[in-house]
Amino acid sequence: MKFNLLHLFFTFLGALVLLFIVGPLVSMFIATSPIEIVETVKDEEVQKSIWLTIGISMGATLFFATASIPFAYLLARKEFVFKKLVKSIIDLPIVIPHSAAGIAILGIISRDSMLGKAADSVGLNFVGHPIGIGLAMAFVSIPFLINAAHDGFKAVPIRLEQAALTLKASPARVFFTISLPLAWRNIVSGLIMMFARGMSEFGAVVIVAYHPMITPVLIYERFGAFGLKYARPVSVVFIIVCVVVFIGLRMLTSKKNQLRINKTV
């Protein structure tokens, strides 16, 4: 095998990048004793914040998926004026500061806004409410779902849909029986990414609702009040939860896809 100096240099650069990602996390885990982790797991405030974070992120993901997935299909199949502008708008939450995103969300859900006044008329205040937190999470994470679903629908052969349409299948039936199942892997990947990104959001959420306290806000609160020693165990536990949930959803998705393939075969 011919020795390639360039590839060796690229490997070295890759190792530095991996070390940059893994190093701080490993350092944090090493600095946290098992006793601290156990005590943190037993902490009712931590437990409550973790369940709240998972629940709100999951709810926001499923709620916005009902509109985002059809929208992604439309973007993948139709050409229209200002389509590039629309796609740029979708990516906007990724590039703007998340604290600014929180301010933007607060502007439309505060009691002074039209939406806030309408909600207030039925006794609902989005600010400091799980719904407000869900909106902030969804705002910064929805591009991951739309882009992944768009790529999935784009990869579905148009001729399959056209063949079904020529056989008098309705557009709705084509969407639900051909397009959606064939793009399912990308869609689920987008759902997982949106859910995971929503769980980790801090900047937008803390503007909209400091309480009830999701885990990223709790970590910040403990760091500000008690310092690194008390914030670190919560961070370690939350990272473990995020990784377990992420791997679990990935495994569940892979298993379902494998079952679908076996049935098809």
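## Helix packing, salt bridges and loops in a predicted model

User: Helix α5 (residues 98–109) packs against helix α7 (residues 130–155); what is the angle between them, and is the pair parallel, perpendicular, antiparallel or oblique?
Analyst: In this predicted model, the axes of α5 and α7 lie 10 Å apart. The two helices pack at an angle of about 130 degrees. Angles from 65 to 115 degrees count as roughly perpendicular and those over 145 as roughly antiparallel, so a value between these ranges falls into the remaining class. The angle of about 130 degrees therefore makes α5, relative to α7, oblique.

User: How are α8 and α9 oriented to each other, roughly parallel or roughly antiparallel?
Analyst: Helix α8 covers residues 158–166 and helix α9 covers residues 171–182, and their axes come within 10 Å. These axes cross at roughly 150 degrees, and the crossing is right-handed. Because angles over 145 degrees count as roughly antiparallel, α8 and α9 are roughly antiparallel.

User: How many helices and how many strands does the chain have?
Analyst: From the N terminus on, the elements run α-α-α-α-α-α-α-α-α-α-α-α-α. The C-alpha atoms of this chain fill a box of roughly 75 × 65 × 35 Å along the principal axes, and 35% of the 265 residues count as buried. The totals are 13 helices and zero strands.

User: Which residue forms a salt bridge with Glu-36, and where is that partner placed?
Analyst: Side chains of opposite charge can pair when their charged atoms come close. The closest N and O atoms of the pair formed by Glu-36 are 3.3 Å apart. The pair links distant parts of the chain, 193 residues apart, with Glu-36 in helix α2 (residues 34–42). The partner is Lys-229, in helix α13 (residues 228–264).

User: What is the relative accessibility of Asp-120, the salt-bridge partner of Arg-111?
Analyst: Arg-111 and Asp-120 meet in a salt bridge at 3.8 Å, N to O. Arg-111 is partly exposed, with a relative accessible area of 49%. Asp-120 also counts as partly exposed, with a relative accessibility of 36%.

User: Which peptide bond is cis, and what is its omega?
Analyst: Most residues other than glycine have a negative phi, and most peptide bonds are trans. Pro-212 is found in the loop between α11 (203–208) and α12 (215–226). The cis bond joins His-211 and Pro-212, with an omega of about -5 degrees.

User: What is the phi of Lys-168, in the loop between α8 and α9?
Analyst: Lys-168 is exposed, with a relative accessible area of 77%. Phe-82 is placed in the loop between α3 and α4 (83–95) and has a positive phi near 65 degrees. Phe-82 counts as exposed, at 60% relative accessibility. For Lys-168, phi is likewise positive in a residue other than glycine, with a value near 75 degrees.

User: What accessible area does the nonpolar surface patch that includes Phe-9 have together?
Analyst: Phe-9 is in helix α1 (residues 5–31) and is partly exposed, with a relative accessible area of 45%. The patch is formed by Leu-6, Phe-9, Phe-10, Phe-12, Leu-13, Leu-16 and Leu-19. Together these residues have an accessible area of about 700 Å².

Key: Residues are numbered from 1 along each chain as its sequence is written. This is a predicted model: local features need pLDDT of at least 70, side-chain atom pairs count only at pLDDT 80 or more; totals for chains, interfaces and linings use all residues. Side-chain values use heavy atoms; hydrogens and water are left out. Patches are made of residues with over 30% relative accessible area and no salt bridge: like charges are joined within 9 Å, nonpolar side chains (Val, Leu, Ile, Met, Phe, Trp, Tyr) within 5 Å. Accessible areas come from the Shrake-Rupley method with a 1.4 Å probe; for residues, only the protein chains shown count as cover. A salt bridge is a side-chain nitrogen of Lys or Arg within 4 Å of a carboxyl oxygen of Asp or Glu. Helices (H or I, at least four residues) and strands (E, at least two) are DSSP runs, numbered from the N terminus. Buried means under 20% relative accessible area, exposed over 50%, partly exposed in between (1.4 Å probe, protein chains only). Axes are lines fitted to C-alpha atoms, for helices over the stretch in contact, and angles run from 0 to 180 degrees between N-to-C directions. Angles under 35 degrees count as roughly parallel, over 145 as roughly antiparallel, 65 to 115 as roughly perpendicular and the rest as oblique. A crossing is left-handed if the near helix is turned anticlockwise from the far one by less than a right angle, and right-handed if clockwise.
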